[in-house]
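Trainee: I would like to learn how to read a structure slowly, one feature at a time. Could you show me the model and then take my questions in turn?

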Amino acid sequence: MQKPVVAIVGRPNVGKSTIFNRLIGERISIVEDKPGVTRDRIYAEAEWLTTTFRVIDTGGIEVGDEPLLTLVRQQAEIAIDEADVIIFIVNGQEGITGADEEIAKLLYKSNKPVVLAVNKMDNPEQREQIYEYYALGFGEPYPISGAHGLGLGDLLDEVVKHFPKFDHVQDEDDVISFSLIGRPNVGKSSLVNAILNEERVIVSDIEGTTRDAIDSTFERDGQEYTIIDTAGMRKRGKVYEKTEKYSVLRALKAIDRSNVVLVIIDAETGIREQDKRIAGYAHDAGRGIIIVVNKWDTIDSKEQSMEQFEEDIRMHFQFLDYAPIVFLSAKTKKRLHTLLPVIRLVSENHAKRVPTNVLNEVIMDAVAISPPSSIKGKRLKILYVTQVSVKPPSFVVFVNDPELMHFTYQRFLENKIRDTFGFVGTPINIFARRRQ
Ligand code: GDP
Ligand code: GDP
């Protein structure tokens with residue numbers, strides 16, 4: 001599901017990072033606990049009441065040694081491009097400054113919802129001064145104290161009111177939505193063009209739920225596919241090119257809207273650290289994943305065989321051991337025809353339900369052959385397994401005591417399920433629950 005994006009803007013030292021950290025609370029540590037995934041700190045997920053959203057701290061972006069006003073302007077522009085709602089922070093101990101007015105002008109032109117927060121209002125007496133901030137033209141100013149965590153609830157209540165209602169494109173069962181993510185220059189745009197040139201495009205240039213995404217739908221063998229195009233990024237100017245963090249945010253939005261994500265690797269340059277980070281996002285999001293090795297035309301197959309390359313990928317992307325690998329060339333179109341069938345297969349697996357009786361037979365047989373070892377004299381008992389959801393397939397294992405479910409045993413059960421039902425390309429979740 002697509003998540004609303006909130007951007008925090010304001011000149012340096014008004015307290016953007018402090019508030020960012022307040023908003024994301026403990027979540028950041030949960031996110032960082034996941035293996036294989038490094039997070040940038042300029043955006044993170046936050047939750048208010050029942051809504052999950054993404055927060056960007058535009059203060060974290062520094063594009064070179066820019067003068068203050070240029071920097072502030074760039075940050076505001078990014079916020080305007082990316083965010084659904086903007087929190088504009090000023091410093092309540094300093095009054096309105098020239099830079100604040102500069103930002104206000106840009107935000108005003110953007111027509112995005114802006115909620116004004118007056119920070120560093122640590123004491124109730126200071127609240128008298130709040131009225132001066134009406135002058136910025138964003139309606140009611142919200143007094144807050146990032147340092148003491150005051151006023152944030154009222155602020156968030158207001159922010160949440162402005163969240164857009166997204167249509168859930170990816171929930172349409174008959175269309176397979178997929179996106180291409182990867183570092184700059186791995187060949188994402190070339191591959192999109194290559195696919196679209198081969199296919200009969202039904203609709204294109206449709207403004208997606210995200211303003212700047214250009215989605216194209218085509219049909220192949222009676223199946224409709226929508227490419228969620230992230231190439232919009234390429235047209236958007238230098239800030240994006242220079243800030244990897246922004247292309248990542250772009251990729252996250254595309255991932256949210258996809259059933260299947262193609263992680264594109266450049267055969268010519270080989271695997272880079274950044275590739276792993278990008279792949280980590282798709283894995284975390286629980287989407288179907290295919291690793292696509294593009295520019296295969298540049299590889300002399302005698303020198304570097306597919307098997308060798310595959311070995312390399314498996315070593316670097318251990319958390320994606322379920323993802324199939326497709327080798328192709330967007331340029332020569334060699335092996336391009338192998339891609340769509342794999343996308344279809346992975347999408348089907350991502351939405352697959354298995355019959356409960358067969359599932360239980362398989363698990364009980366596995367448990368009988370390799371019973372769990374006991375932990376501190378207690379032994380895990382597995383009573384019953386059921387699939388509770390799809391996209392990705394998720395299973396609940398009812399046990400005597402969830403604490404006794406060791407992750408290696410969980411992994412063993414996952415492998416049994418994969419071996420039997422063939423969930424190629426999709427992550428699967430297994431949860432242990434107590435049942436007496
Ligand atoms: P940023 O540059 O906008 O990200 O600002 P920071 O979050 O780094 O904060 C700048 C300074 O203001 C730091 O020294 C913070 O400790 C301080 N600060 C942030 N919020 C508050 C607040 O609510 N009250 C007070 N008194 N100081 C704050
Ligand atoms: P993007 O930034 O990921 O969208 O990458 P582009 O599609 O713009 O491609 C970057 C460069 O790689 C361009 O010069 C392309 O012509 C080149 N390129 C893309 N696909 C292939 C391929 O399959 N083989 C070769 N040799 N070059 C390719």
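Trainee: Is Asn111 buried or exposed?

Mentor: The general idea is to count neighbours: a residue is buried if 20 or more other C-beta atoms, placed from the backbone, lie within 10 Å of its own, exposed if 12 or fewer, and partly exposed in between. Asn111 has 8 C-beta neighbours inside 10 Å and therefore counts as exposed. Asn111 is found in the loop between helix 4 and strand 5, where helices (H or I, at least four residues) and strands (E, at least two) are DSSP runs, numbered from the N terminus.

Trainee: Before we go on, what kind of model is this, and how are its parts numbered?

Mentor: This is a predicted model, in which local features need pLDDT of at least 70 and side-chain atom pairs count only at pLDDT 80 or more, while totals for chains, interfaces and linings use all residues. Residues are numbered from 1 along each chain as its sequence is written, and chains are lettered from A and ligands numbered from 1 in the order in which they are written.

Trainee: What should I look for in the backbone angles?

Mentor: Most residues other than glycine have a negative phi, and most peptide bonds are trans. Asn111 is not a glycine, yet has a positive phi of about 60°. Lys333, which is not a glycine either, has a positive phi of about 65°; Lys333 lies in the loop between strand 13 (325–327) and helix 12 (339–350), and with 15 C-beta neighbours inside 10 Å it counts as partly exposed. As for the peptide bonds, Lys391 and Pro392 are joined by a cis one, with omega about 0°, and Pro392 is found in the loop between strand 14 (382–389) and strand 15.

Trainee: How many helices and strands are there in the chain?

Mentor: The chain has 14 helices and 16 strands, and of its 436 residues 38% count as buried. For contacts, the rule is that two residues touch if their C-beta atoms, placed from the backbone, lie within 7 Å. Among contacts between residues at least 6 apart in sequence, 72% join residues at least 24 apart.

Trainee: Where does Asn119 lie, and why does it count as buried?

Mentor: Asn119 lies in strand 5 (residues 114–119), and it counts as buried because it has 26 C-beta neighbours inside 10 Å. Leaving out residues up to four places away in sequence, Asn119 touches several others, among them Val14, Gly15, Asn91 and Gly146. Asn119 and Leu150 are 31 residues apart in sequence, and their C-alpha atoms are 9.4 Å apart in space.

Mentor: Tyr225, placed in strand 10 (residues 223–229), is likewise buried, with 22 other C-beta atoms within 10 Å. Beyond four places in sequence, the residues that Tyr225 touches include Val175, Phe178 and Arg220.

Trainee: How do I describe two helices that pack together?

Mentor: The axes of helix 3 (residues 68–82) and helix 4 (residues 98–110) come within 10 Å and cross at roughly 25°. That makes helix 3 roughly parallel to helix 4, since angles under 35 degrees count as roughly parallel, over 145 as roughly antiparallel, 65 to 115 as roughly perpendicular and the rest as oblique. The residues of this contact divide into 9 nonpolar, 1 polar and 3 charged, where Ala, Val, Leu, Ile, Met, Phe, Trp, Tyr, Cys and Pro count as nonpolar, Asp, Glu, Lys and Arg as charged, and the others, Gly among them, as polar.

Mentor: Helix 13 (residues 356–369) and helix 14 (residues 407–421) pack at an angle of about 130°, their axes 10 Å apart, and are therefore oblique to each other. Val362, Ile363 and Ala366 in helix 13 meet Leu413, Lys416 and Thr420 in helix 14.

Trainee: Which residues come nearest to ligand 1?

Mentor: A residue is near a molecule if its C-beta atom, placed from the backbone, lies within 6 Å of it. Of the 15 residues around ligand 1, Gly15, Lys16, Thr18, Gly146 and Ala147 come nearest, and helix 1 (residues 16–24) gives the most to this shell, with 3 residues. Ligand 2 is surrounded by 15 residues, the closest being Gly187, Lys188, Ser189, Ser190 and Lys331.

Technical notes:
Axes fitted to C-alpha atoms, helices over the stretch in contact; angles between N-to-C directions.
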